[in-house]
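New notebook page today. I want to get to know this structure by looking up a few spots, one after another.

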Amino acid sequence: MKAAVILSKGALPTYVEDFAEPVAQNENEVLIHVKASAVKNLDKMRASGKHYSVQNENFIAKVVVGGDGVGVLEDGTRVYGIGASGMIAEKAIIEKDKIVKLPNGISDEIAAALPNAVMGSAMALRFRANLQKNETVLINGATGVTGKIAVQIAKHYGAKKVVATGRNEEKLKELLALGADDIIVLKQDDDVILSQIKALHQQSPFDVVIDYLWGHSAELILSAIKGNGGFSNRTRYVTVGGMMNDNMTLSSSILRSTDIQISGSGLGSWTPAEMKLLIHEILPEMFQLAADDQLKCDTVSVMINDVEKAWNMNIDSGKRLVVIIGS
């Protein structure tokens, strides 16, 4: 079968035309004829061995890349599935309890691109932040794929106000049409950013912060919402990524002067019950929203034989690369 395969440690995926087909190992596994699979930062980091979820694993050569995808089961049912084997291939093995039937009206590309962004946004908003209706949300790093989805889902979940930050002013302005109420450009001087965050926090205190950047931007946000010794609004701060820097400096005085809860959302932090809700409730709802054109996700598509060239292709940060495997 055709597949994108890691042949040696640190190498880019190679297009292979005669790779061995996967075989189900137990009754919970089924074969899927894959139509499309998205390439996420998670896939790239896991393939390179740099992601925390695989750093303790020994490298195994000739592994198909891609963690999830969209395709057709043997009975013709069109589904999204999380792979028990690599998904950027003509055939893959998925687990029965990690399958979502797709609604009519959603393309393979959108269905493949959406789940990772939903995991990185809805899981944080719903389970870590426990977002309530009429609350105010700050999304730090909102111009990427997941940040754009987070803006829309926050509003769908009932947020009264959504503030979006990012370095690209043009892309931030596009978020205003997707539900953002205010934007903050992170290319400005620190004192300007601090004053803008403080002003918005005073107008409508941030109940939730979803952070995809961390690093210096997180230092600025936490400094801006720091208390002054009086009562402060409780803020649930959830880190989902470290695109700016994986480390930051945190002053003890911020924690002592502010009613703040800091947590993380990602692989390893979710409970089995939360993952079950993702598969059976959250993803079906989001797929239907996308099918109804109420949830926007932009993609760039390449054919599987171009996967090596496209793997590190410079793609707009607001779009998801999707590999097309079958027609």
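Before the surface entry, a reminder to myself: a patch takes in residues with over 30% relative accessible area and no salt bridge, and nonpolar side chains are joined within 5 Å. I also note that I'm working with a predicted model.

Entry one, the surface. I looked for a nonpolar patch and found one made by L250, L255 and I262, about 230 Å² in area. I then checked L250 by itself. L250 sits in the loop that runs between β12 (235-239) and α8 (252-257). Is L250 buried, exposed or partly exposed? Its relative accessibility is 37%, so I put it down as partly exposed.

I went to D211, which belongs to strand β11 (residues 208-211). D211 is buried, yet I found no salt bridge for it. Which side chain of opposite charge is nearest to D211? That is R167, and it's 13 Å away. I also listed what D211 touches, skipping neighbours within four places in sequence: N140, A218, Y237, V238, T239, V240 and G241.

Entry three, a sheet. I traced an open sheet of three strands in the order β2-β1-β4, with antiparallel pairing.

Key
Residues numbered from 1 in each chain as written. Predicted model: local features only at pLDDT ≥ 70, side-chain atom pairs only at ≥ 80, totals over all residues. Heavy atoms only, no water. Helix = DSSP H or I, 4+ residues; strand = E, 2+ residues; numbered from the N terminus. Buried < 20%, exposed > 50% of the residue type's maximum accessible area, 1.4 Å probe, protein only. Lys, Arg positive; Asp, Glu negative; His and termini not counted. Salt bridge = Lys/Arg side-chain N within 4 Å of Asp/Glu carboxyl O. Contact = heavy atoms within 4.5 Å. Pairing = 2+ DSSP bridges. Patch = residues over 30% accessible without salt bridge, like charges linked within 9 Å, V, L, I, M, F, W, Y side chains within 5 Å. Areas by Shrake-Rupley, 256 points an atom, 1.4 Å probe, with all protein chains shown as cover.
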